[in-house]
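Subject: Structure handover: cavities and helix packing

Hi,

Here is the structure for you to look over. My notes on cavities and helix packing follow it.

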Amino acid sequence: MSAAFGPACLDKTRSDLEWDRLLDALASRCVGPLGSAAARGLPFCSTLEQVRISLAETREAFDLYAADEPLPGGGAEPIAAAVDRLRAGGALGPLELRETGRALALARVLRRFLQSRRDKVPNLAAACSTDPHLDVLEEQLSRSFEPDGTLSDRASPRLRELRGERQSARERLMRRLEDIMQRYGAALQDDFITEREGRFVLPVRSDSHERFVGIVHGTSASGQTLYMEPRTVIPLGNRLKVLDAEIEREENAVYARLSAELGEHVESIAAAELALAHAELRAGAARLTADLDLAFPDLREEPMLDLIDARHPLLQLDGVKVVPSSVKVEPGRALVVSGPNAGGKTVVLKTLGLLALMLRCGLPLPCKGTSRVGVFEFVSSDMGDDQSISRNLSTFSAHVRNLAAILDTTFRGALVLLDEIATGTDPREGEALASAVLDGLCARGGAVACTTHYEGLKALALGDERFLNASVGFDMGSMSPTFALMTGIPGASSALAIARRFGMPSLILERAERFLGTEERGFEQLVRRLNDERRALELARAAAEREKLELESARRRLEVEIEGVRTRERKLLSEQTEALVSAVRRARDELRSAEQRLRARKLDEASVREAGRVIERVASKVAIGGELEPPGSRRVPQPGDPIDPAELRKGMRVFVSRLRTDAEVIEVLSGGQVRVSAGPVKLVADVTDLRRTGGGKPPTAARPQQPTFRVPFDAAADPDLPIQTSDNRCDLRGLRVDEAVSMAEQFLDRSLNEGRRVAFLIHGHGSGALRDAVRTSLRESRYVLRHRAGEPGEGGDGVTVVWLR
């Protein structure tokens, strides 16, 4: 477990960096007073683990916000005072009870929302969990009050009874007053009933009050009207007042009872309020992340900031177009930033300080996500002018006192920011003091960033590896700063150039240049030359980046074009395949028709000739170079040495021009013909079509893989055509052995019933267990005439061809 951190900064640093402005921006993005208060009082994390958890919670809240599922639960009013009264055993008033009930209702919505997304937001679900038993209290509070805030009759049976009795008493009183109005209409100023001092009265004319018996409760401003309660309704009015008192006592009893029940769960109620505040805070941080394009960089154990394209968050909030800077600070090293006034040196320091404090609070940072960061335990600064006449402090003495205090509080894990270090005194002595202070701070392990115009500090960074120069850019052409930070080279102060820009007379500037020593002018020229070279390198880098982007764009265009060509080729191939399948089906139908005629065994000479013609026609289609071969695959046969017919013998390997591949002679026939076998294809070829193989193998890559056909030139050797189609194929791959054997048996039974004579069982290669089990079952099957392994063109040993009985 990591050690606890101390205080993050002093009030002076908080003021120097304008930290409270950032907290106000965070508070303004919280939807309720609980979140706003939590944001303005945002504490710094006390351990590195807390930083990790806070960043993880904010990332989860941002992911929800980006997915248009923002955290619910916002808008609850603070109930801390009510919680304190409950802890003291006091009773809450109706307004406090209603606000507590609303907070509990929002806490229930929040808990259920996070529980349903616990896998996505585990950190938020853990941080904002509440006691589910509070739901019962919330329901009771909800039943006890009407939507307008009045205590409901449902809160107490006695209250319902008293209110009903009061309603009846009031109606009796109203009816009695209406009767009196009708009887004494001449004595009344007007015909209405009003109320004075909590009693119902009638407006009686002042000159008729003696004829109207009752109690006067008031008069009009003119004195012409007396508001009198008739004597006959006084008992009814008294009863109404008694009922009002009883109702008030019962309402107070209900408030006390509800408060007592809440008091039993007061700590859970306080935790629910904290959960709501925490959820509002994280939701506000998610909105700030979206508004400022904040990132979640890589968090390291060591204190350091290696920022890429860092931006000042307050300038972003002000709507300023911020020039991002890449900057690095680490323990035991100092970054010396130089350059012209108003060039952005102090902005660099404040950016470092603000980002260090944001990280300490567990907030995302305004930089690239590829940045590497570690938590600085303490941030100290010396910026601005702390002179004070009342304390007898000059500018220099105030700076020195701040530097002495910073030296005492610097350690490994501290970030020190010094703006214009050791100014306000003799430049040579100030330069020496600045060098010594930086050396002491680095020796103590602090990570230091300072701004300066001292040439000695710039030179120090050239000779000591603990120091690194950096400069803010200045465009000599436009005589204006670029605000871009460049590391590795010092920056020129360009005081004379800036003075010329703001209207200093040329004569004065010429005299100032003469007063400059040779050494100062030489150093200024060196810095200017380094800046020019750096600018040239940046221009070259920018050109290379543009060229890279153009090449990348061209590459993407080519990929789109290639994909378009491939799509068109796939479409064309699909069309050709469809045509090929249609032709195969037609050929299969013709063969079936011929087969059925042959099986009829009632053949005449014309039928035999017709069947022969059908077979020859189908053979010409499925043969190499036939109709079913794609046109693009037909190549001109390669010539070779002719073979003497006397040399031909069974088993000899020859090249068949018609097939454009090697074949094996299986029989030498008379009449200058031979029967050859090329894989599953068997046919009769003329000797003139044969060529020697020459010990080699003619190329076959140009010949596309054809559907497997058994050409029926040798019907006695193979009477059935093993043509593989979707109808006679059964795929057993991926099944268990018992499932595959059962499916194969069912498929063969169905194939035999449908009149098929051949079937293909696809079992794949694998370990061979499935293949062996299938073939063993085939040897015992009553449906199977014979079977064999598939030829290379049929799927090889991963397929078993089955002939049915």
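The structure, a predicted model, holds four cavities of 30 Å³ or more. I looked into the second largest cavity, with a volume of about 40 Å³. Its lining is made by V31, L71, P72, G73, G74, A279, E280, A283 and R287. By class, that lining has five nonpolar, two polar and two charged residues.

Now the helix packing. Two packed helices are described by the angle between their axes and the distance between the axes.

α6 and α11

Helix α6 covers residues 94–115 and helix α11 covers residues 266–292. Their axes come within 9 Å and cross at roughly 60°. α6 is therefore oblique to α11. The crossing of α6 past α11 is left-handed. On the α6 side, the contact uses T100, A103, L104, L106, A107 and L110. On the α11 side, the partners are I269, A272, A275, L276 and A279. This contact of α6 with α11 holds 10 nonpolar residues, one polar residue and no charged ones. A279 of α11 meets α6, and A279 also lines the second largest cavity.

α3 and α11

Helix α3 is made of residues 33–40. The axes of α3 and α11 come within 8 Å, crossing at roughly 75°. Roughly perpendicular takes in angles of 65 to 115 degrees, so α3 counts as roughly perpendicular to α11. From α3, the residues in contact are P33, L34, G35, S36, A38 and A39. They meet E273, L276, A277, E280 and L281 in α11. Seven residues of the contact of α3 with α11 are nonpolar, two are polar and two are charged.

Two residues of α11 are worth a look. L276 meets α3, and L276 also meets α6. E280 meets α3, and E280 lines the second largest cavity as well.

α6 and α10

What is the angle between α6 and helix α10? The two pack at about 40°, with their axes 11 Å apart. Helix α10 spans residues 234–263. That angle makes α6 oblique to α10. Again the crossing is left-handed, with α6 passing α10. α6 brings P94, L97, T100 and L104 to the contact. α10 brings Y255, L258, S259 and L262. The residues of this contact of α6 with α10 split into six nonpolar, two polar and no charged.

T100 and L104 of α6 take part in the contact with α10. T100 and L104 also meet α11.

Best wishes

Conventions
Residues are numbered from 1 along each chain as its sequence is written. This is a predicted model: local features need pLDDT of at least 70, side-chain atom pairs count only at pLDDT 80 or more; totals for chains, interfaces and linings use all residues. Side-chain values use heavy atoms; hydrogens and water are left out. On a 1 Å grid over the protein atoms alone, a cavity is a set of points where a 1.4 Å probe fits but cannot get out, and a pocket is an open set with protein on both sides within 12 Å along at least five of seven lines; lining residues have an atom within 4 Å of a point. Grid points are joined across faces, edges and corners, and a volume is the space filled by probe spheres set on the points. Ala, Val, Leu, Ile, Met, Phe, Trp, Tyr, Cys and Pro count as nonpolar, Asp, Glu, Lys and Arg as charged, and the others, Gly among them, as polar. Axes are lines fitted to C-alpha atoms, for helices over the stretch in contact, and angles run from 0 to 180 degrees between N-to-C directions. Helices (H or I, at least four residues) and strands (E, at least two) are DSSP runs, numbered from the N terminus. Angles under 35 degrees count as roughly parallel, over 145 as roughly antiparallel, 65 to 115 as roughly perpendicular and the rest as oblique. A crossing is left-handed if the near helix is turned anticlockwise from the far one by less than a right angle, and right-handed if clockwise. Contact means heavy atoms within 4.5 Å.
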